[in-house]
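Have the sequence and the 3D view open while you read.

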Amino acid sequence: MAKILEGIRVFDLTIAAVGPWATTLLGAMGADVIKVEAPGGDRLSHMVPPTIRGNSVLYISANHNKRMIELDLKKEADRAIALKIIEQSDVFVQNMRPGAVERLGLGYEVVAKVNPRMIYVAASAYGRTGPMAGEAGIDPTVQSFCGWCGITGPDHGRGEIYRHLAHLDLTTATTITQAVLQALIARERTGRGQRIEIEMLTAAMALQTTRLAEYFATGEQPAPLGSAAAATAPHQAFECQDQRYIAIGVERDEQWPGFCRALKLDELICDPRFATNRQRVVHRAELASMLAERIKTKPAAWWTIRLNREQVPCGPFLTFEELRNHPQVLANGHIVEIETPHWGSMHVDGLPWKFEGTPAGPIRAGGKPGEHMAEVLAELGIVDDRRAGASK
């Protein structure tokens, strides 16, 4: 059965995490992703620990579902090979600093002239215009700039960086993937490709839509609330007797009586301070203090059972080891085991979607830098005469 993007070829000129993860997702949907690296591979990714048999886990995981080739695009002969591949490709993705790809001779105008049907994605940190256009950006710096750190941190305390540093990287990557799929549909209608510009900053702001809406509505900067949600209460993490945390979210007034019954605090059901979500938000601190004292009396598993019985959304804090072996994760293939030629058997996160008629996957290992060079060129009918030229 044909996969969603079967027959679509991607020229992948990406580095680090933003671009590589986007093209990994395209590969999972069946696209033929050709990862083009400078000789020696993506040095930035190779430097990041931990490693498996000398290769960075970041590099391995960000390059599943790809074929790996090496080209020195500063050399005319290598650039000529790149253009021949581009001529037979559908999508071009790069996330270098604005101007870098143009200096390599593969800007949009050049690529579109060679292949007018090309969907050309240029991803950057802050955009290609404006006073910060030429600046590099990484996850923590974009977090700081986008206002994220102003709303993340201890309750009414100082802002903090979100410690999963790839969150904005991977969010931007997902945005790239969405844009490519939309552009492929547009090309079916028009017959022509187009340039797509995507910034980490706009992806980060999209994640904060509701918090930005608060600011635009009130003119007041939202304060950090620790683990608590801004619009509903109680909706945060609580520490249990066994020193484990449980996340609880009472999102509707109909859930409030069941929540109180689960905690055996029936007297709070009709308490005017907490009878509606609006009142609970107003009295958030007072309510949280009372609940924290109660929840501290029993272990997390106890509260999970009681809250689930009352159909109140909740979830324990799991370690990766617990997640990996959880029956729900195993039943749905959220973590799968794959065999690789270079790194042995590996466990990886599974596909984020399941299509009934056009299946995605399975996830397959990429490879080492340059591993598929001869295979790709032979398949595309491209003669590599660089050595012959050098020997003359």
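Predicted model: local features only at pLDDT ≥ 70, side-chain atom pairs only at ≥ 80, totals over all residues.

Let's start with the rings: the structure holds ten aromatic pairs. One of them brings together Trp 256 and Phe 259, and this pair is stacked, with 5.6 Å centre to centre and 25° between the planes. Because rings under 30 degrees apart count as stacked, the 25° angle puts this pair in that class. Both partners belong to helix α12, which covers residues 256-262. They sit three residues apart there, about one turn of the helix. Trp 256 and Phe 259 are also both buried.

Elsewhere, Phe 11, Phe 92, Tyr 108 and Tyr 120 come together as one aromatic cluster. Another ring to click on is Trp 302: Lys 298 lies over its face, at 4.7 Å from the ring centre.

Now for Arg 211, found in helix α11 (residues 209-218). Is Arg 211 buried or exposed? It's buried: the relative accessible area is 17%, and buried means under 20%. Its side chain makes a polar contact of 2.7 Å with the side chain of Glu 214. If you skip the neighbours within four places in sequence, Arg 211 is in contact with Ile 151, Pro 222, Ala 223 and Ala 230.

Here are the distances side by side:

| Residues | Distance |
|---|---|
| Trp 256 and Phe 259 | 5.6 Å, centre to centre |
| Lys 298 and Trp 302 | 4.7 Å, from the ring centre |
| Arg 211 and Glu 214 | 2.7 Å, polar contact of side chains |

Methods. Residues numbered from 1 in each chain as written. Heavy atoms only, no water. Phe/Tyr/Trp six-rings, centres within 6.5 Å; stacked < 30°, edge-to-face > 60°. Helix = DSSP H or I, 4+ residues; strand = E, 2+ residues; numbered from the N terminus. Buried < 20%, exposed > 50% of the residue type's maximum accessible area, 1.4 Å probe, protein only. Lys NZ or Arg CZ within 6 Å of the ring centre and 35° of its normal. Polar contact = N/O pair within 3.5 Å; in protein donor to acceptor, adjacent residues only side chain to side chain. Contact = heavy atoms within 4.5 Å.
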